[in-house]
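Hi,

Here is the structure I promised to pass on.

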Amino acid sequence: KQWYQRRVRATRTIMIFTLTYMIFNLPHFINMILWSIQMSCKDSAANSCYPGPYYDFYFMFCYIWNISEVFSCGMNSACNPIIYYCRMSGYRTWLQECRVVRTVRERMNRHSQRLLLYLRRGDAN
């Protein structure tokens with residue numbers, strides 16, 4: 001019974017990672033499809049291709065690629081440690097032993113206290 005529950009939990013964790021990857025990379029997949037359509041239409045005589053206006057404008061062309069490749073990939077990579085922390089008790093224990101979680105909390109408390117002191121001094125002036 002315990003072996004079965006561990007397999008089910010591992011399967012769910014893998015599904016969460018896969019869905020996260022698919023969701024964050026969906027803009028890139030769509031962008032590649034539209035770009036392929038536009039490139040195939042450039043060779044043909046038809047000038048009215050669907051994604052044409054988006055890729056003809058240079059700024060929009062660069063903007064779409066940055067969002068779909070850089071931002072989406074970065075967000076996927078940023079979510080992975082959060083999923084590890086939520087789903088894997090061994091990872092949680094390791095982080096707590098390394099004092100990573102406590103160190104981040106301590107830094108946040110120090111910074112918030114400094115900010116409060118700064119704001120109080122600003123009100124006095």
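Before the layout, one term: a helix here is a DSSP run of H or I with at least four residues, numbered from the N terminus. Read that way, the elements go α-α-α-α-α from the N terminus on. That makes five helices and zero strands in the protein.

Keep in mind that this is a predicted model. The average pLDDT is 77, and 73% of the residues reach at least 70.

Now the overall numbers. Of the 125 residues in the protein, 18% are buried. The accessible surface comes to about 10,300 Å², and carbon and sulfur atoms account for 64% of that. As for contacts between residues at least 6 apart in sequence, 52% of them join residues at least 24 apart.

Two residues are worth a click. Start with S72, which sits in helix 3 (residues 58-87). Is S72 buried or exposed? Its relative accessibility is 6%, so S72 counts as buried, the cut-off for buried being under 20%. Leaving out residues up to four places away in sequence, S72 touches F24, P27 and I67.

The other one is I30, which belongs to helix 1 (residues 2-43). I30 counts as partly exposed because its relative accessibility is 44%, and that class runs between 20% and 50%. I30 is also one of the residues in a nonpolar patch on the surface, together with Y21, M22, L26 and F29. Taken together, the patch residues have about 450 Å² of accessible area.

Last, the aromatics. Which residues form the aromatic cluster? They are F17, Y84, Y91 and W94, which make up one cluster. The count of aromatic pairs comes to four, with ring centres within 6.5 Å as the rule for a pair.

That's what I have so far.

Cheers

Definitions and conventions. Residues numbered from 1 in each chain as written. Predicted model: local features only at pLDDT ≥ 70, side-chain atom pairs only at ≥ 80, totals over all residues. Heavy atoms only, no water. Helix = DSSP H or I, 4+ residues; strand = E, 2+ residues; numbered from the N terminus. Buried < 20%, exposed > 50% of the residue type's maximum accessible area, 1.4 Å probe, protein only. Contact = heavy atoms within 4.5 Å. Areas by Shrake-Rupley, 256 points an atom, 1.4 Å probe, with all protein chains shown as cover. Patch = residues over 30% accessible without salt bridge, like charges linked within 9 Å, V, L, I, M, F, W, Y side chains within 5 Å. Salt bridge = Lys/Arg side-chain N within 4 Å of Asp/Glu carboxyl O. pLDDT = per-residue confidence, 0-100. Phe/Tyr/Trp six-rings, centres within 6.5 Å; stacked < 30°, edge-to-face > 60°.
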